[in-house]
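Subject: Structure for your reading

Dear colleague,

Please find below the structure that I am handing over to you. My notes on what was found in it follow directly after it.

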Amino acid sequence: MELVADKRTKAEFMPEENVGYRVHAASQVRGMFTRMRGDVYNLAPCYITQQTQIDHMVDILGDSIEAVLGK
């Protein structure tokens, strides 16, 4: 998932804002470990994953984005 400053124009965040790093750190605090490539958040669940696990990952990511961006 790519994190952008403006969904409509897909304008990127300024590099000095470190949005990707901050969201990644916030998700780790909440117990989800994955990887970032700039402002692109990579979700890579196991091939066999329960729907509840996917829902939990989405919730953690949403909470992390909200904590960083206030959205």
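His24 is buried, with a relative accessible area of 14%; buried means under 20% relative accessible area, exposed means over 50%, and partly exposed lies in between (1.4 Å probe, protein chains only). This is a predicted model, in which local features need pLDDT of at least 70 and side-chain atom pairs count only at pLDDT 80 or more, while totals for chains, interfaces and linings use all residues. Residues are numbered from 1 along each chain as its sequence is written, and side-chain values use heavy atoms, with hydrogens and water left out.

His24 belongs to helix H1. Helices (H or I, at least four residues) and strands (E, at least two) are DSSP runs, numbered from the N terminus. A polar atom of the His24 side chain lies 2.9 Å from the backbone oxygen of Thr34. Not counting residues up to four places away in sequence, His24 touches Thr34, Arg35, Met36 and Tyr41, where contact means heavy atoms within 4.5 Å.

Next, the chain as a whole. The protein chain has two helices and two strands, and their pattern along the sequence is α-β-β-α. For 71 residues, a compact globule would have a radius of gyration near 11 Å, and the 12 Å of the protein chain agrees with this. That radius is taken over C-alpha atoms, and the globule rule is 2.2 Å times the number of residues to the power 0.38. The C-alpha trace spans about 35 × 25 × 20 Å along its principal axes. Of the 71 residues, 27% count as buried. Among contacts between residues at least 6 apart in sequence, 45% join residues at least 24 apart.

Helix H2 deserves a paragraph of its own. H2 covers residues 51–69, has 19 residues, and reaches 27 Å from its first C-alpha to its last, close to the 27 Å expected at 1.5 Å a residue; the expected span is 1.5 Å times one less than the number of residues. Which residues of H2 are buried? They are Met57, Ile60, Leu61, Ser64, Ile65 and Val68. Seen down the axis of H2, these buried residues fall within an arc of 130°, so they line one face of the helix; the arc is that of the directions from the helix axis to the C-beta atoms. Gln51 and Thr52, on the other side of H2, are exposed. The buried residues of H2 pack against helix H1 (19–29) and strand S2 (40–42). Just after H2, Gly70 takes a positive phi of about 70°.

The largest nonpolar core consists of twelve residues: Leu3, Phe13, Val19, Val23, Ala26, Met32, Tyr41, Met57, Ile60, Leu61, Ile65 and Val68. Such a core is a set of buried Ala, Val, Leu, Ile, Met, Phe, Trp, Tyr and Cys residues joined through side-chain atoms within 4.5 Å. H1 and H2 each supply at least two residues of this core, and the largest share, five residues, comes from H2.

Leaving aside neighbours within four places in sequence, Leu3 is in contact with Phe13, Val19, Gly20, Val23, Met36, Asp39 and Ile65. Met32 sits in the loop between H1 and strand S1 (35–37) and is buried, with a relative accessible area of 7%. With neighbours within four places again left aside, the contacts of Met32 are Ser27, Tyr41, Leu43, Met57, Ile60 and Leu61.

Yours sincerely

Methods:
Polar contact = N/O pair within 3.5 Å; in protein donor to acceptor, adjacent residues only side chain to side chain.
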